[in-house]
Amino acid sequence: MQSVQSIARALYRIVFRGGTPQRLQFSMPLLLAAVGLILVGAIIGGRFFFALSYVEIGLALFTLLSGLYIASALLTRSVPRARLRASLLTVLLLLGTAGTLFILLIPLGSIEGVVLGAGVFALLAVLSGTINAVHYARGSGRANAVLLTLAFAALLGAFYATLRWLLETVFS
């Protein structure tokens, strides 16, 4: 299993230098750790950093994890299995790292602008890493990966907004 330092270095290269997920070695314990980081980061960071209710956190997790499942299912036909595993692991690790960042920033949450700034930074970093992972997985042009990632992120955002609106309508 890889060390935390080598995983962090690989994620840094993927997000900020346009690297590929080849440096991450897929393993089931690492995949489960990434999913655990996502869950813990979403629950603790969402509750204490973003001040979301547990229903909103559950809805966000449902949208995010089902969206990742659908995206990987759609890519299964056109992407080799090894590339798909590495790309999915990369996206899960990026989301887990973003959740960890939110947990670490809880004491600074009362300062004006920190929540918005951290959210925007995490969103851009995850999108950048996801674009590089999709580019690696599909092996197509970079513009195609950017378009595919941004379109899918917009669809997930619209799906979350619709579900949240429906919940507010039902429970108000």
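The structure is a predicted model, in which local features need pLDDT of at least 70 and side-chain atom pairs count only at pLDDT 80 or more, while totals for chains, interfaces and linings use all residues. Residues are numbered from 1 along each chain as its sequence is written, and side-chain values use heavy atoms, with hydrogens and water left out.

Contacts (heavy atoms within 4.5 Å) of I7 are made with Q2, L24, L30 and L93, when its neighbours within four places in sequence are left aside.

Helix 6 covers residues 142-171. Its 30 residues should span 44 Å at 1.5 Å a residue, and the 43 Å between its end C-alpha atoms agrees with this value; the expected span is 1.5 Å times one less than the number of residues. The buried residues of helix 6 are A145, T149, Y160 and L163, where buried means under 20% relative accessible area, exposed means over 50%, and partly exposed lies in between (1.4 Å probe, protein chains only). The cover over these buried residues includes helix 3 and helix 5. T162, also in helix 6, is partly exposed, with a relative accessible area of 41%. The C-alpha atom of T162 lies 23 Å from that of G41, a residue 121 positions away along the chain.

T63 is placed in helix 3 and counts as buried at 4% relative accessibility. With residues up to four places away in sequence not counted, T63 touches L156, F159, Y160 and L163. G67, likewise in helix 3, counts as buried at 2% relative accessibility. Under the sequence exclusion of up to four places, G67 touches F62, F152 and L156.

A search of the whole structure finds 2 salt bridges, a salt bridge being a side-chain nitrogen of Lys or Arg within 4 Å of a carboxyl oxygen of Asp or Glu. In one, the side chains of R164 and E56 meet with an N to O distance of 2.6 Å. This pair links distant parts of the chain, with R164 in helix 6 and E56 in helix 3, 108 residues apart. R164 is partly exposed, at a relative accessible area of 30%, whereas E56 is buried, at 17%. R164 also forms a salt bridge with E168, the closest N and O atoms being 3.5 Å apart. E168 and R164 are separated by about one helical turn because they are 4 residues apart in helix 6. An α-helix has 3.6 residues a turn, so residues three or four places apart point the same way. E168 is partly exposed, with a relative accessible area of 45%. Together, E56, R164 and E168 are linked in a network of salt bridges.

On the surface, L39, V40, I43, I44, F48, Y54 and L65 form a nonpolar patch with about 620 Å² of accessible area together. Patches are made of residues with over 30% relative accessible area and no salt bridge, with like charges joined within 9 Å and nonpolar side chains (Val, Leu, Ile, Met, Phe, Trp, Tyr) within 5 Å; accessible areas come from the Shrake-Rupley method with a 1.4 Å probe, and for residues only the protein chains shown count as cover. Helix 2 (28-48) and helix 3 (54-75) are the elements that give two or more residues to the patch, and the largest share, 5 residues, comes from helix 2. L65 lies in helix 3 and is partly exposed, with a relative accessible area of 30%.

The loop between helix 2 and helix 3 contains A51. Although not a glycine, A51 has a positive phi of about 55°, and this residue counts as exposed at 61% relative accessibility.
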